[in-house]
2 protein chains.
Amino acid sequence: MVDGFDQDLPLSSNYALIAVSYSGSTLETLEQFKKLAQRARAIAVVSGKGELLELALSKGALVEQVGGALAPRFGFPQLLFFTFKVFSSLIGESWPLRELQECSKKLSEWCTTSFPVKLTEKVAKDLGDRYAVVYASEHLKPVGYRWKTQINENAKLPAFFSVLPEANHNEVNSWKKTKEFYALVLKGSFYTTHTNASIFAYIQASGLQHTQLEFKGETRIEEMLRATVIGDLLSIKLAEMNSVDVVATPLISQVKSLQQSFLKGVKPC
Amino acid sequence: MVDGFDQDLPLSSNYALIAVSYSGSTLETLEQFKKLAQRARAIAVVSGKGELLELALSKGALVEQVGGALAPRFGFPQLLFFTFKVFSSLIGESWPLRELQECSKKLSEWCTTSFPVKLTEKVAKDLGDRYAVVYASEHLKPVGYRWKTQINENAKLPAFFSVLPEANHNEVNSWKKTKEFYALVLKGSFYTTHTNASIFAYIQASGLQHTQLEFKGETRIEEMLRATVIGDLLSIKLAEMNSVDVVATPLISQVKSLQQSFLKGVKPC
């Protein structure tokens, strides 16, 4: 996983590169693609537009086109599906894509029969106007991070993300004097007993007001996707409650143009 | 880097294991050590007490003893030095330890001639009673994370940590409605122009009140250590300002005993 401008990974020439960017114009993805595509044994691009598509075509990369979502973050199902697809293709194994497809069938059923709007409404109400601190462990770590960023982007609210057991060693000391923060604790049925013990201990010792949410699935990926759906819905609910436009993110456009103006003003290093 | 209970790394049998725990009783370090020591080609332990020391001796591991600091977080210089020492020894190269030693000489001089207390006092005053959000990039990422945890542990205050350019894509949308947060932006002289552009854009677009701190060194490690010293001092200054005991962390002891009681109450999985 590379997500900045400068990482130099200790790679041999025997690696496959998968570049993923909904817009095809994410600056750090482009810079890293230019650097890493040169020596890669195989290249795939999940995008469908922008400079990344042009680069992909010029390099003869495997390309999967995405598009049509309201915004990149709502294109997540596409991005995930096509990333699994090119990954399966690059490693010559069908199981990653098959597992995702089986799981997405079950999720479709779940969403049509018992769409969990009430749960997210309850969590949003419990959170109120406090700041969410999302806690996650093991396979739910990337999901917890998405909860935070979806609350940031959709509801335009501060939200934070921490990992357990790590927070047991430091962050646990933070909360005694403040009532402005509220913990959303993500749990999965695959967590080890030790991890559950660390969560139990954190919640008790920190004194944080909190909600624990348990996600169940036959596989880790199923739990991850169920939790992702709930987090996305929660962020939209919070936007509604705060009368905020979910889709518009004018500050991200502003960031892009400020970044460009800064880069034009300085000589390349 | 392994910091939880369940990671299964795709390791061959050709790896060296370095386990680091000041107390020698960190549960996740012990569990992972038991799992990973079995197949490791070489093992080193930086600890000096607890169950980890016993395990290390029974496995014939290279052991470096640490101890005597007020608390694990103040043992950081020891932990770093001995981790570099065993790393140098395991890979059969002297440069990592030599580079650290050269750098620590310069830092000693800096700390005796121009100890940066005034800077940390100014930053602490500017921060006031707002919550710190520490931003870092590239080689300063682990340092930024330590700033957050030192503010948590020493000053017992909430503090948060984010990475740029990543935050440009989501967190930038969070701050318009709130004045309770204050950004501490860590910058290094080795940052790429693109990274500096992303920081410039974030600060402008987010509208966050902030202080930018620039650290200079001949090497990345020197910048990292200078920034670490400033962060540690800042957290102690904040503790003073809030009349908080820097050393005592009763909640961490409570976490450990709660964790044990939970584990005794359930059957091992």
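## Exercises: domains and chains in contact

In chain A, the centres of domain 1 and domain 2, taken over C-alpha atoms, are separated by 30 Å. This is a predicted model: local features need pLDDT of at least 70, side-chain atom pairs count only at pLDDT 80 or more, and totals for chains, interfaces and linings use all residues. Residues are numbered from 1 along each chain as its sequence is written, chains are lettered from A and ligands numbered from 1 in the order in which they are written, and side-chain values use heavy atoms, with hydrogens and water left out.

**Exercise 1.** Describe the contact between domain 1 and domain 2 of chain A.

*Solution.*
- Step 1: find the bounds. Domain 1 covers 16–93 and domain 2 covers 116–241 of chain A. These bounds come from an automatic or database domain assignment.
- Step 2: list the sides. Domain 1 of chain A gives five residues to the contact and domain 2 of chain A gives nine. Contact means heavy atoms within 4.5 Å.
- Step 3: take the area. The two domains of chain A bury about 540 Å² between them, with 60% of it on carbon and sulfur atoms. Buried area is the accessible area (1.4 Å probe) that two parts lose on being put together, summed over both.
- Step 4: name the residues. Arg73(A), Phe74(A) and Phe76(A) lose the most area on the side of domain 1, together 81% of what that side buries.

**Exercise 2.** Which residues form the salt bridge between the two domains of chain A?

*Solution.*
- Step 1: apply the rule. A side-chain nitrogen of Lys or Arg must lie within 4 Å of a carboxyl oxygen of Asp or Glu.
- Step 2: count. The domains of chain A share one salt bridge.
- Step 3: name the pair. Arg73(A) bridges to Glu153(A), and their closest N and O atoms are 3.2 Å apart.

**Exercise 3.** Describe the interface of chain B and chain A.

*Solution.*
- Step 1: list the sides. Chain B gives 61 residues and chain A gives 61 residues.
- Step 2: take the area. The chains bury about 5500 Å² between them, 66% of it on carbon and sulfur atoms.
- Step 3: name the residues. In chain B, Asn173(B), His194(B) and Leu251(B) lose the most area to chain A, together 12% of what that side buries.
- Step 4: count salt bridges. The rule finds four across this interface. Asp3(A) forms a salt bridge with Lys141(B), with the closest N and O atoms 4.0 Å apart.
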